[in-house]
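Work through the exercises below with the sequence and the structure side by side. Each task is followed by its solution.

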Amino acid sequence: MPHKLFEIDKEIPEREKHIYIKHCSDEDNEIDCNKSTIPGCMTERGCALAGGRGVITGAIKDVIGLVHSPVGCQYYTTGVKRYPSKPQLPNGKTFPIDNFNLKYSFGTDLKEANVVFGGTKKLKEAIIESNKEYPFASAIYVNSTCTTGLIGDDVDAVCKEMTEELGKDVVAFNTPGFSGVSQSKGHHITNDAVFDRLVGTKEPPKTTGYDICLIGEYNIDGDLWVLEKYLTEMGLNILSRFSGDASHDELCWMHRSKLNLVRCQRSATYIADLIEEKYGVPYKKVDFFSTEYCDDNLRMLGRYFGLEEEAEVVIEKYHGEVKEELKWYKEQLSGKKVYIFSGGPKSWHLSIPLEKELGLDIIAVASQFEHLDGYDKMKARVKEGTTILDDPNSLELEELILTNKPDLILAGIKEKYLAYKHGIPAIQIHSYENGPYIGYEGFLNLAKDIYNNINAPVWELMDFESE
């Protein structure tokens, strides 16, 4: 049977359709996904606000990100991911505060009286006060939440009024948590809002025939800077980023790119489709997680722009630097059993490279918010017998641990300490441990973290619950 019901799920049999065991004779059997979490299943998903503010706009370096909510939602989406930024802006100026997007949190801190009588007055006051305190911010982004969505605050109208009053973009993102089944809905809403309100409203200082836009690259622990190094050394110009280390203005001139590269294909293909449809800018889906994928994608870009020789120089330089070390790590790690429990696409980005280049045995993959096309890629990239889970919960992870005894789990912060309780090393694959993890040196960093975590002496010094 391609589907499996875990013992822990026997009281919620609907979970069976969300858990798939790859079987080569039954490739047409689909996994249930992108649906509301089944009652009784303690989901680890984030909400639409997390997808919009926590993933996309939270990475932009020169805007005030204001959450219209009680203080909990504001805290939840501020400073929780490693989205470093540099102060340089595309107009040649320097933003006065380094890592502004990580250091400062803005919100309306709604109380009971605001819920009863409305929160728009408080929202206006917060926008004006934030702008007065940080007038150099290029724009103000306002996210609505469950509370303000339920009471009916007209955030769009307030932002329109404030745009006229302040003379800068004040943009509404309608991301109440209940607007979708997971953070994926917040990605979609934010893509649409950026396209509708910003793209095409400004022009870049200059353009070249080699302008590209990196879409869906959020600079987790410096990932973006690794890719920028390769691409600029090839002769390409990064015109815009969506949205790691990006400035507000860059989003406004994304339409002038000659080619858009979509790195996170779950959270950002929407805006690439919209730009292609309206402005005719083509896009390519790219993958730089591993040395082989880097080689392939740099060569593809070389062919597209007529920079084949330049691409080969970059490949030889950076692939050559890590090749021998990766061979050693493969010898040490071969046969180690690994789960990949990512939020979205990393479960299929990493499955083949970890097996092929590091010798690891991927025995389970999962996603909190993937759609059917993403699960089709997972199925295509894992071997027969691999467990594939949609919207997994902690109890299912625990059952997998007790059943299969993996050597390592690549997951998020919520799963990390559960794994520790059972004596299983865990690496944060969302925000990383010692990143970056992308590119040639990034894949070597990941190999080092995997090796060091599996071989840490602590696992031999303590007693754990699963022993």
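**Exercise 1.** Find which residues of helix 9 and helix 13 meet, and describe how the two helices pack.

Solution. K229, Y230, E233 and M234 in helix 9 meet E310, A311, V314, K317 and Y318 in helix 13, where contact means heavy atoms within 4.5 Å. By class, this contact has five nonpolar, no polar and four charged residues. The model is predicted, with pLDDT of at least 70 needed for local features and 80 or more for side-chain atom pairs, while totals for chains, interfaces and linings use all residues. Residues are numbered from 1 along each chain as its sequence is written, and side-chain values use heavy atoms, without hydrogens and water.

Next, take the axes: helix 9 (residues 223-234) and helix 13 (residues 308-333) pack at about 140°, with axes 8 Å apart.

**Exercise 2.** Determine how helix 12 lies against helix 13.

Solution. The axes of helix 12 (residues 291-305) and helix 13 come within 9 Å and cross at roughly 175°. Helix 12 and helix 13 are therefore roughly antiparallel. Residues of helix 12 in the contact include L298 and R299, and those of helix 13 include V314 and I315.

**Exercise 3.** Identify the residues that touch the most other members of the largest nonpolar core.

Solution. They are F242, L354 and I450, in a core of 90 residues. Such a core joins buried residues (under 20% relative accessible area, 1.4 Å probe, protein chains only) through side-chain atoms within 4.5 Å. Helix 13 gives the largest share, eight residues.

Note on methods:
Axes are lines fitted to C-alpha atoms, for helices over the stretch in contact, and angles run from 0 to 180 degrees between N-to-C directions. Helices (H or I, at least four residues) and strands (E, at least two) are DSSP runs, numbered from the N terminus. Ala, Val, Leu, Ile, Met, Phe, Trp, Tyr, Cys and Pro count as nonpolar, Asp, Glu, Lys and Arg as charged, and the others, Gly among them, as polar. Buried means under 20% relative accessible area, exposed over 50%, partly exposed in between (1.4 Å probe, protein chains only). Angles under 35 degrees count as roughly parallel, over 145 as roughly antiparallel, 65 to 115 as roughly perpendicular and the rest as oblique.
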